[in-house]
Amino acid sequence: MSAPPAEAQTTALATFPNPAPQRDFRIHMEIPEFTCLCPKTGQPDFATLILDYIPDRNCVELKSLKLYIWSFRNVGCFHEDVTNRILDDLARITQPRYMQLTARFYVRGGIFTTIVAEHRQADWTPTPTVRLTDFDRQSNTRD
């Protein structure tokens, strides 16, 4: 039930160059099959991980992310610890402008748990979002 060495897990993560480093864009991933073990009971815990990030120079490669996530399958972890650990590992390897990891754990003992952890570069300021729904609709048939 103990964790593999941190080096073994993080070396499995790979990156590729950001194809558009000149702009902020969001990468959204949903990982519905995360599992780890409860460190108290040894019972499996299941979660959906939601990863949102704005890359700087590197993006995480998907197959390596999948293998990294699978490496927690037989590891005893508290929800809060594993969420922050995954965020730290991903932020360390990609060094994003911004990253948020949401872990939505399924019910255990009648309690759903959601953990949200964030990382941001100290000098990064997000560009203002343009919401197209905020503009009035234009029509040549309307007064």
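Me: In what order do the elements of the chain run from the N terminus on?

Reply: In this predicted model, the order from the N terminus is α-β-β-β-β-α-α-β-β. The chain holds three helices and six strands.

Me: How many residues does the chain have, and what percentage of them is buried?

Reply: The chain has 143 residues, and 38% of them are buried. The word "buried" is used for a relative accessible area under 20%, "exposed" for one over 50%, and "partly exposed" for values in between.

Me: Why is Gln95 given its class of accessibility?

Reply: The accessibility of Gln95 is 53%, and the limit for an exposed residue is over 50%, so Gln95 counts as exposed. Gln95 is placed in the loop between helix H3 (79-94) and strand E5 (98-108). Gln95 is not a glycine, yet its phi is positive, at about 50°.

Me: How do you know how many disulfides the structure holds?

Reply: A disulfide is a covalent bond between the sulfur atoms of two cysteines. The pair of sulfur atoms must lie within 2.5 Å. For Cys36, the closest cysteine sulfur is that of Cys77, at 5.1 Å, which is too far for a bond. For Cys38, the closest is that of Cys36, at 8.5 Å, again too far. The structure holds zero disulfides.

Me: Are Cys36 and Cys38 buried or exposed, and what are their values?

Reply: Cys36 has a relative accessible area of 0% and is buried. Cys38, at 15%, is buried as well, because the limit is under 20%. The C-alpha atom of Cys36 is separated by 8.9 Å from that of Phe78, 42 residues apart along the chain. Phe78 is found in the loop between H2 and H3 and, at 46%, is partly exposed.

Me: Which residues of helix H2 are buried, and why are they said to line one face?

Reply: In helix H2 (residues 62-70), the buried residues are Ser64, Leu65, Tyr68 and Ile69. Viewed down the axis of H2, they fall within an arc of 135°, so they line one face of the helix. An α-helix has 3.6 residues a turn, so residues three or four places apart point the same way.

Me: What makes the approach of Glu61 to Lys63 a polar contact?

Reply: At the start of H2, a side-chain oxygen of Glu61 comes to within 3.1 Å of the backbone nitrogen of Lys63. The cut-off for such a pair of N or O atoms is within 3.5 Å.

Me: Which backbone atoms lie by the side chain of Asn18, and at what distances?

Reply: A polar atom of the Asn18 side chain lies 2.8 Å from the backbone nitrogen of Ala20. The backbone oxygen of Asp56 lies 2.7 Å from a polar atom of that side chain. Asn18 sits in the loop between strand E1 (15-17) and strand E2 (27-37), and it is buried, at 7%.

Me: What lines the largest pocket?

Reply: There are 13 lining residues, and Arg26, Ile54, Trp124, Pro126 and Thr129 lie nearest the centre. The lining divides into seven nonpolar, two polar and four charged residues. Strand E3 (residues 44-54) gives the most to the lining, with three residues. The space in the largest pocket is about 280 Å³.

Conventions
Residues are numbered from 1 along each chain as its sequence is written. This is a predicted model: local features need pLDDT of at least 70, side-chain atom pairs count only at pLDDT 80 or more; totals for chains, interfaces and linings use all residues. Side-chain values use heavy atoms; hydrogens and water are left out. On a 1 Å grid over the protein atoms alone, a cavity is a set of points where a 1.4 Å probe fits but cannot get out, and a pocket is an open set with protein on both sides within 12 Å along at least five of seven lines; lining residues have an atom within 4 Å of a point. Grid points are joined across faces, edges and corners, and a volume is the space filled by probe spheres set on the points. Helices (H or I, at least four residues) and strands (E, at least two) are DSSP runs, numbered from the N terminus. Ala, Val, Leu, Ile, Met, Phe, Trp, Tyr, Cys and Pro count as nonpolar, Asp, Glu, Lys and Arg as charged, and the others, Gly among them, as polar. Buried means under 20% relative accessible area, exposed over 50%, partly exposed in between (1.4 Å probe, protein chains only). The arc is that of the directions from the helix axis to the C-beta atoms. A polar contact is a pair of N or O atoms within 3.5 Å; within protein, one must be able to donate a hydrogen and the other to accept it, and residues adjacent in sequence count only if both atoms are side-chain atoms.
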